Amino acid sequence: MKVLSTLCPLLLMLSISCGADMTLFDFTTGSPDFSTWKEVSDTVRKPGMSKAVLALQKTRVFQRAVMFAMINPQPNGAGFAGVQTAMPSTAGSHSGDTGLRLQVRAQGQLKHWKLVLVDGEQAGSLKRRDYEQKFTLETDKAVSGGQFETVELPFADFKAYERGKLVPDAPSLDLTKTAIIGLQTFGGVYDAYKQEGTGSMEIDFIEFY
């Protein structure tokens with residue numbers, strides 16, 4: 001995972017203009033369909049109390065997606081909140097690419113996030129195996145200046161997890177089998193850090209690189 005500092009305007013233009021076929025989701029234009037994005041949070045389990053919503057923010061000068069989240073973890077840090085949608089059918093043709101790139105900005109108490117990919121054969125399982133990659137965003141405006149960050153997630157760095165636990169003997173990610181893509185924030189039950197509270201992640205785009 002690589003989080004790049006805010007790029008100069010020229011590099012941002014180059015990033016966005018790499019070609020329409022590289023774009024997975026562009027929330028900055030048109031009318032994105034958020035009805036296909038479903039919440040997947042810890043409330044699927046009895047103790048769960050977290051929440052996530054993905055919505056469109058649209059002003060007279062810009063538009064983007066915003067994921068609002070609230071993490072109410074268990075005492076050990078267990079808890080997650082996220083959204084997911086079907087992976088576009090064309091994604092498999094990008095299996096030879098390096099990874100996924102996001103242009104995002106976080107605010108609030110939640111700085112740890114992850115992108116989740118799920119094989120089609122695992123999609124309906126209650127104990128499904130996810131391929132995940134975590135990333136950390138700067139939420140202190142005194143440090144970030146309130147600027148967006150560019151996050152690069154190489155496919156080679158996605159690891160298999162089941163209910164938050166690493167599955168070391170799982171096969172490597174195969175993008176041609178991926179049926180679901182999702183975004184999550186989490187309490188950190190198996191991590192060295194813990195987080196809770198409310199936060200948001202603004203998203204301009206998700207693209208291949």
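Analyst: Glu39 is partly exposed, with a relative accessible area of 33%, where partly exposed lies between buried (under 20% relative accessible area) and exposed (over 50%), for a 1.4 Å probe and protein chains only. The model is predicted, so local features need pLDDT of at least 70 and side-chain atom pairs pLDDT 80 or more, whereas totals for chains, interfaces and linings use all residues. Residues are numbered from 1 along each chain as its sequence is written, and side-chain values use heavy atoms, with hydrogens and water left out.

The partner of Glu39 is Lys51, and their side chains form a salt bridge of 2.8 Å, N to O; the term denotes a side-chain nitrogen of Lys or Arg within 4 Å of a carboxyl oxygen of Asp or Glu. Because Lys51 belongs to strand β4 (residues 51-58) and Glu39 to strand β3 (residues 38-39), the pair ties together parts twelve residues apart in sequence. Strands (E, at least two residues) and helices (H or I, at least four) are DSSP runs, numbered from the N terminus. Lys51 is also partly exposed, at a relative accessible area of 40%.

A second salt bridge joins the side chains of Glu152 and Arg101 at 3.2 Å, N to O. Glu152 sits in strand β10 (residues 149-154) and Arg101 in strand β7 (residues 99-108), so this pair ties together parts that are 51 residues apart in sequence. Both Glu152 and Arg101 are buried.

Strand β7 also holds Arg105. Arg105 forms a salt bridge with Glu202, the closest N and O atoms being 2.8 Å apart. Since Glu202 lies in strand β14 (residues 197-208), the pair ties together parts that are 97 residues apart in sequence. Glu202 counts as buried, at 5% relative accessibility. Through shared partners, salt bridges join Arg64, Arg105, Glu202 and Asp204 into one network.

These pairs belong to a total of nine salt bridges found in the whole structure. The protein chain contains two helices and 14 strands, and 47% of its 209 residues count as buried. Of the contacts (heavy atoms within 4.5 Å) between residues at least 6 apart in sequence, 77% join residues at least 24 apart. The C-alpha atoms fill a box of roughly 45 × 40 × 30 Å, taken along the principal axes.
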